[in-house]
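Here is a short briefing on how one protein chain is put together. Look at the helix pairs, the sheet and the domains in turn.

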Amino acid sequence: MNIATRLHLLDAVRRSTQADSARAAAPRAAARARKVVAAALGEVRRCEQQLAAARGQERLAAAEELVTARNAYAAQARRERDARAAVRRTFTAARAANRTLAAQYAPYARSRDTGGRRRSAVAASLLDELAAMPLDLIRAADVLAVHSSGGKDSVVMLHRLVAWAEKAGCKHKIVVVHCDLGDTSEWPGVRELAQRQAERYGLRFVAVDSTGGLLGLVEKRGMFPDAARRLCTSSLKRDKANVLLTAIVAALGLTRQAIVINCLGLRADESPARSRKAPLSVDTRTSNSKKLVLAWHPILQTTEAEVWQEIAGSGLEYHPAYDALMPRLSCVFCVLAGFNVLVRAVRLCWALDLPLPEQYTDLEARIGHRFKEQYSLADVVAEAARVQAEEGPLTWRPGDAIRDQLGESAAADYLDRIALAA
Ligand code: SF4
């Protein structure tokens, strides 16, 4: 099966998945509409009784109220009819999408373990095959959107992708996308670093601004996000990057569906949730008839030690926060970080003279919502003050991250390389 056929089948999987989601959602919407229409009818009955009981001047007002209630009921009844029609329509559409997928897949099913029986098995089999052929995947793509935080994993992913894309003759397809959450969320210089990392390979770099960043989001919602409701990632990063991708695809002016590959530097050993990710998946949330979006995790199986070896061996520039032994280049106060990492972040803010600890603890007090259920940021700051009193201010040297991971001589080699490249 050639790559175009595989992608075509994946789009059929995407269509049937989306059609099934719509079919599952339609009866729920219809049930909600039935409740609303029943309430509107109840209001009509109440107004009718009120009018029957009204006398003199009251009758006029009661009659007007009844007209309003009847109009509202008519509007809701129309919506309920539409919702019922949507149930029938989505059922038919889902059946058709599933039949199309089965018919398209049947000729290829025999030679596969999946036997073509289940849609998820069809998709998994196709995606596994595609993930194992990165050069073909890159050739088939119209856009390779490399999502870069500027962190260690992003720069290693970028380095590998550029090597593959050069081999495939497709480097021009890469766009490095950086979501900039601003200086109330991130360490100084992150955006500039992400740009330099892209420019090292002569790549197009686009920064997406998330006005207000994490601080603004918390202020607006009156609460901090958490692992279960990571609104920060979706609203500050994913949704904004998707708008950009739509514009990039539109600018291509294609008359067929575009193939967009979102490249993300997640690694399996970062968390149990990440270890369950597939190397390649269809992004059914953002795919549509204009673009088939695949999420690709090219360094999923790479370990942290391998990341640092590649950074050291290839002389890749990384952020100085790593030298202060921050494990990730996330938001300064990432809602997913552990207590000790947050304590270190507070001490690093003090060392860099950043006002973020006060800004965040003030916000926490103002909204009356703790940074985490188990502890507040005020607790974190108190612990940072205690550690600081014992150990003194945080200090670090250039190359400490590599020294810590790979030893003194690797750090010395790395620093020599960086100095030569400067
Ligand atoms: S780095 Fe942490 S706090 Fe910032 S957007 Fe991501 S999950 Fe949210």
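Helices α7 and α8 cross in a right-handed way. The model shown is predicted. The notes below start with that helix pair, then move to the sheet, the domains and two further helix pairs.

**Helices α7 and α8**

- Helix α7 covers residues 213-221, and helix α8 covers residues 231-252.
- The two pack at an angle of about 120 degrees, and their axes are 11 Å apart.
- That angle makes α7 oblique to α8.
- On the α7 side, the contact uses Gly213, Leu214, Leu217 and Arg221.
- On the α8 side, these meet Leu231, Cys232, Ser235 and Leu236.
- By class, the residues of the contact of α7 with α8 are 5 nonpolar, 2 polar and 1 charged.

**The sheet**

- An open sheet is formed by 6 strands.
- Their order is β3-β2-β1-β4-β6-β5, and the pairing is mixed.
- The edge strands are β3 (204-209) and β5 (280-282), and each of them pairs on one side only.
- From one strand to the next, the twist averages 25 degrees.
- Strand β6 spans residues 291-296.
- β5 and β6 run antiparallel and are joined by 3 bridges.
- Within this part of the sheet, Val282 stands opposite Leu294 in β6.

**Helices across the sheet**

- Which strands does helix α5 lie across? Helix α5 (residues 152-168) lies across β1 (143-147), β2 (174-180), β4 (258-264) and β6.
- Helix α5 runs at about 160 degrees to β1.
- Helix α8 also has a place here: α8 lies across β1, β2, β3, β4 and β6.
- The angle of α8 to β2 is about 150 degrees.

- Ala207 sits in strand β3.
- Neighbours within four places in sequence aside, Ala207 is in contact with His178 and Arg191.
- How far from Ala207 is Gln388 in space? The C-alpha to C-alpha distance is 36 Å, and the two residues are 181 residues apart in sequence.

**Domains**

- The chain is divided into domain 1 (3-122), domain 2 (124-296) and domain 3 (304-421).
- Taken over C-alpha atoms, the centres of domain 1 and domain 2 are separated by 33 Å.
- Their contact takes 15 residues from domain 1 and 19 residues from domain 2.

**Helices α11 and α13**

- Helix α11 (residues 339-352) packs with helix α13 (residues 377-391).
- Their angle is about 65 degrees, and their axes are 9 Å apart.
- That makes α11 roughly perpendicular to α13.
- The crossing of α11 and α13 is right-handed.
- From α11, the contact draws on Phe339, Leu342, Val343, Val346, Arg347 and Trp350.
- From α13, it draws on Asp379, Val380, Val381, Glu383, Ala384, Ala385, Val387, Gln388 and Glu391.
- The residues of the contact of α11 with α13 divide into 10 nonpolar, 1 polar and 4 charged.

**Helices α11 and α12**

- Helix α12 covers residues 356-367.
- The axes of α11 and α12 come within 9 Å and cross at roughly 130 degrees.
- Are these helices perpendicular or oblique to each other? α11 and α12 are oblique to each other.
- Val346, Cys349 and Trp350 of α11 contact Leu356, Pro357 and Glu358 of α12.
- The class count for the contact of α11 with α12 is 5 nonpolar, no polar and 1 charged residues.
- Val346 and Trp350 of α11 take part in the contact with α12, and Val346 and Trp350 are also listed in the contact with α13.

Notes
Residues numbered from 1 in each chain as written. Predicted model: local features only at pLDDT ≥ 70, side-chain atom pairs only at ≥ 80, totals over all residues. Heavy atoms only, no water. Axes fitted to C-alpha atoms, helices over the stretch in contact; angles between N-to-C directions. Helix = DSSP H or I, 4+ residues; strand = E, 2+ residues; numbered from the N terminus. Parallel < 35°, antiparallel > 145°, perpendicular 65-115°, else oblique. Left-handed = near helix turned anticlockwise from the far one by under 90°. Contact = heavy atoms within 4.5 Å. Nonpolar A, V, L, I, M, F, W, Y, C, P; charged D, E, K, R; others polar. Pairing = 2+ DSSP bridges. Domains from an automatic or database assignment.
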